[in-house]
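This report covers selected backbone features and charged side-chain pairs. The sequence and structure are shown first.

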Amino acid sequence: MNKPLRRIAIFCGLLVLTLLVRDNWLQYVQADDLKEDEHNRRVAIERYATPRGDIIVDGKAITGHATTEGDFKYKRTYKDGAMWAPVTGYVSQAYGATQLEAIDDGILTGNDDRLFFRNTLDMITGKKREGGNVVTTLNAAAQKAAYDGLKKQGGKGAVVAIEPSTGKILSMASYPSYDPSAIAGGGEADGEAWNRLQKKNNPDDPMLNRALREVYPPGSTFKVLTAAAALEHGLYDSADGKTDSPLPWTMPGTTTELPNEGDLPCENASLREALRVSCNTVFGKIGADLGNDEMLETAKKFGFTEEQFVPVRSSASVFSDDMNASQTALSAIGQYNTAATPLQMAMVTSAIANNGTLMKPYMVDELQAPNLDTIEKTDPEKMSEPLSADNAQILQDMMETVVEDGTGTNAKIDGVTVGGKTGTAQHGVDNSENPYAWFISYAKGEDGSSPVAVAVVVEDENANRDDISGGGLAAPIARNVMEAVLESKK
């Protein structure tokens, strides 16, 4: 071979080698990046080429699908979409996915690695790929009671209900809400709907999941946690002994007296009486007496200061670690920096109702293959023990007095033992905004166990300030949710 031909052959060989290296680089090194690239339209076309699996509540699908024109053959539909949006999130041809739709996308599309063997068989037999199902822990009747109750109030708010013995989330409602079906496609109407839902265009922020992502001052509902701290740290050992609670009481290091909401019998009141009428002075002084460290220790055991994953992420609830005695006093009554999600306050109530054991909250019971075989099952898991069984039962007794003969009588259910605590949380500069109305509660079954614990918060900026109370606005919603769960257990 002469020299010029040899050079050409070497050059062609190098070109072939370069192509082989490039081909292998694309197929094996960059494959995942290319597959996930937002500009790779083929991936999106494949994603919507088959119907998604469903999200299941009480054995029935709350999702569906519809055919569309163009490259994307199917889009997601939702039944009672606004009611279930805080649970499902959305999946959209134009805007991606959130919450369960995003977290369990692999199962719902059929692309999860755990479906590899089944997908391989389907490919051999020529069967189209199918999505699996996400089976939730939700109770449809409880969710409807929660959503309808919030909608009837007409303001903003959220509800979370938990089964204390397992941590199963039975209800998670947020209002105002939105219908994910309206943004599931990629057309002009979907774009217009999306723009209307954005906070900059809609101050009600209907896409905000208030049950998980909004933190509110918990107000007097936090007093049950303060009572738990007093019992656990040995400051007091019973519900009915007198406390060291002068009236008036000046907060340490200040000349400011901590006021009660009215002329209440709070001087040296027992824990039971203080919770029944909601004495700021008693629980504020408990916070100051215990100090920041012991209050923070108890708050952390209930889940404060950490994000929760149910599996959707919930914002961390707040209890500060650098407060002086007067700031701790205000925090002990659910004010100052203290802030909690509705999920967090449902967890507090759940632990008390479950005799001191806090179960990790969750809302996905199992993941199913397209043939309904179980791929993954969630087992209940203990999260912590914030208080002893004896102290939990003392607190239950106190909370039951609140409902029987205190500020929470609107939560009474005939023939059922109910425990609860109201809260009216001040906020805004110099407490100028309308307060938030809170109610936390649990109901006991005939065997003494508690099948449901509930937290409700209502924001109503249009209400008369004097008409806002946890017992008035939030307790009736909690009662309806508890009744729905109890009825479903029959």
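In which loop is Pro176 found? The model is predicted, and it places Pro176 in the loop between strand S9 (169-175) and helix H9 (188-197). The peptide bond that leads from Tyr175 into Pro176 is cis, with omega near -5°.

A cis peptide bond also joins Val310 to Pro311, here with omega near 10°. Pro311 sits in the loop between strand S10 (308-309) and strand S11 (313-314).

**Positive phi**

Thr305 is not a glycine, yet its phi is positive, at about 80°. This residue belongs to the loop between helix H13 (280-301) and S10.

Leu372 is another non-glycine residue with a positive phi, of about 75°. The loop that holds Leu372 runs between strand S13 (364-368) and strand S14 (374-377). Leu372 has a relative accessible area of 51% and is therefore exposed, the cut-off being over 50%.

**Salt bridges**

Side chains of opposite charge can pair when their charged atoms come close. Across the whole structure, 22 salt bridges are found.

| Lys or Arg | Asp or Glu | N to O distance |
|---|---|---|
| Lys156 | Asp204 | 3.9 Å |
| Arg313 | Glu307 | 3.3 Å |
| Lys377 | Glu366 | 3.7 Å |

The side chains of Lys156 and Asp204 form a salt bridge that links distant parts of the chain, 48 residues apart. Lys156 lies in strand S8 (residues 156-162), and Asp204 in the loop between H9 and helix H10 (210-213). Lys156 is buried at 15% relative accessible area, whereas Asp204 is partly exposed at 33%.

In the salt bridge between Arg313 and Glu307, Arg313 is partly exposed, with a relative accessible area of 30%. Glu307 is also partly exposed, at 38%.

Lys377 is in strand S14 and Glu366 in strand S13, so the pair ties together parts that are 11 residues apart in sequence. Lys377 is partly exposed, at 43% relative accessible area, while Glu366 is buried, at 13%.

Which residues are linked in a network of salt bridges? The network is made up of Arg52, Asp54, Arg76, Glu101 and Asp105.

Technical notes. Residues are numbered from 1 along each chain as its sequence is written. This is a predicted model: local features need pLDDT of at least 70, side-chain atom pairs count only at pLDDT 80 or more; totals for chains, interfaces and linings use all residues. Side-chain values use heavy atoms; hydrogens and water are left out. Helices (H or I, at least four residues) and strands (E, at least two) are DSSP runs, numbered from the N terminus. Buried means under 20% relative accessible area, exposed over 50%, partly exposed in between (1.4 Å probe, protein chains only). A salt bridge is a side-chain nitrogen of Lys or Arg within 4 Å of a carboxyl oxygen of Asp or Glu.
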